[in-house]
Amino acid sequence: MIIVLKSGISDADVQDVCQRITEMGYGPHVIRGEFKTIVAAVGEERGRPDLRLLEALETVESVMPVQQPFKLASREVRRESSEVRINGVTVGARDVVVMAGPCSVESEAQVLEVADAVKASGAKILRGGAYKPRTSPYAFQGLGEVALEYLKEARDETGLPLVTELMDPRHVEAVLDVADVIQIGARNMSNFSLLSEVGRAPKPVLLKRGLSSSVEDLLMAAEYIVKEGNSQVILCERGIKTFETSTRFTLDISAIPVLKMETHLPVIVDPSHPAGRRDLVLPLARAAVAAGADGIIVEVHPRPEEALCDAAQQIPTADFPAFAAEIRALASLMGRTIG
Ligand code: PEP
Ligand code: MN
């Protein structure tokens with residue numbers, strides 16, 4: 001249920017409504033909009049008092065049910081788009097935020113070289129995996145903690161905030177210590193205990209869509225995070241499994257406008273993993289920007305032919321300036337900038 005409060009009420013009044021909601025057995029979440037403050041009350045309604053009783057309060061304008069199963073993530077609860085702020089970079093506003101970097105961190109020199117190159121072309125966030133989710137247990141699994149050290153150095157040198165993947169709750173402390181954004185990869189989108197864990201973390205989360213997950217599954221996964229109190233969630237479309245074999249995954253372009261309609265959370269696109277080959281990355285990235293994505297996350301490597309992971313789809317650093325120029329031109333056509 002959403003409890004819409006009357007305009008101009010005090011913080012004490014908001015607290016009073018929250019306390020009543022808690023006493024009725026629900027969890028209150030305050031959402032402050034430009035014009036109105038609302039409180040979303042979440043929890044099982046069976047066996048609990050009817051929240052509509054709150055309509056009797058002087059401070060309450062109305063009490064309305066939320067139709068969508070994802071409550072706090074839905075546009076019903078918050079009509080204005082949310083912005084996620086990452087050390088001076090805002091995702092979900094005018095900029096199409098470009099995040100770029102290697103699939104996995106392979107050496108200090110590699111990550112420093114990529115970080116400098118992508119920064120020079122306008123990327124605002126550095127990506128790079130320390131822990132890699134691999135289909136084969138025999139494939140390179142990432143350098144782990146030492147990679148986190150290299151990423152930290154790259155951030156210190158360039159000032160670019162970092163996004164890196166958290167796969168295992170045992171690594172929370174180490175990853176949180178370094179990451180400015182915690183990535184939850186496609187294979188962990190339905191790892192509900194991990195989602196709740198990052199929901200309690202004090203850092204933004206980049207949540208990637210599962211390989212075989214619907215848009216609603218993705219939004220329900222986001223709800224797990226937001227419900228714990230972390231509303232700094234960025235959703236990422238990265239392609240899904242279909243019968244099509246000419247690409248690695250099928251990039252679901254329609255998911256972008258659908259998500260933008262159903263949730264207030266920012267939506268970005270990973271064009272690298274659905275492409276599976278570097279010559280398709282630019283057209284997919286363009287399509288993403290044209291469809292209204294708030295950003296893209298792209299794999300870039302100094303010498304992709306030597307990459308330990310996803311060699312075929314990484315863009316050489318030497319080609320990244322031209323790539324970024326194309327994205328900049330398209331963003332400006334869409335009335336946006338890449339900063
Ligand atoms: C990645 O971004 O490094 C990655 C492994 O992506 P995904 O989880 O989307 O496969
Ligand atoms: Mn990859």
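**Entry 1: a buried histidine**

Before looking anything up, I noted that a strand here is a DSSP run of E with at least two residues, numbered from the N terminus. I also noted that the model I am reading is predicted.

With that settled, I looked for H301 and found it in strand β14. Is H301 buried or exposed? Its relative accessible area is 3%, and the cut-off for buried is under 20%, so H301 is buried. Next I asked which residues H301 touches, leaving aside its neighbours within four places in sequence. My list reads E106, Q110, V114, A307, Q314, I315, P316 and T317.

**Entry 2: the manganese ion**

I moved on to ligand 2, the manganese ion.

I checked the accessibility of both. H273 has a relative accessibility of 10%, so it counts as buried. D310 comes out at 17%, and therefore it counts as buried too.

A reminder to myself: two packed helices are described by the angle between their axes and the distance between the axes.

I looked at α6 (residues 215-227) and α7 (residues 255-262), which pack at about 45° with their axes 11 Å apart. Because of that angle, α6 is oblique to α7. I noted their crossing as right-handed. Who meets whom here? From α6 come V215, L218 and L219, and from α7 come A255, V258, L259 and E262. Sorting the residues of this contact, I got six nonpolar, no polar and one charged.

**Entry 3: helix α5 beside α6**

Then I turned to α5 (residues 192-199), which packs against α6 at an angle of about 40°, the axes being 6 Å apart. This angle makes α5 oblique to α6. I recorded a right-handed crossing where α5 passes α6. On the α5 side, I found F192, L195, S196, V198 and G199 in the contact, and on the α6 side A221, Y224 and I225. How do the residues of this contact divide? I have six nonpolar, two polar and no charged in my notes.

Note on methods:
Residues numbered from 1 in each chain as written. Chains lettered and ligands numbered in written order. Predicted model: local features only at pLDDT ≥ 70, side-chain atom pairs only at ≥ 80, totals over all residues. Heavy atoms only, no water. Axes fitted to C-alpha atoms, helices over the stretch in contact; angles between N-to-C directions. Helix = DSSP H or I, 4+ residues; strand = E, 2+ residues; numbered from the N terminus. Parallel < 35°, antiparallel > 145°, perpendicular 65-115°, else oblique. Left-handed = near helix turned anticlockwise from the far one by under 90°. Contact = heavy atoms within 4.5 Å. Nonpolar A, V, L, I, M, F, W, Y, C, P; charged D, E, K, R; others polar. Donors = N, O, S within 2.8 Å, 3.2 Å for Na, K, Ca; no water. Buried < 20%, exposed > 50% of the residue type's maximum accessible area, 1.4 Å probe, protein only.
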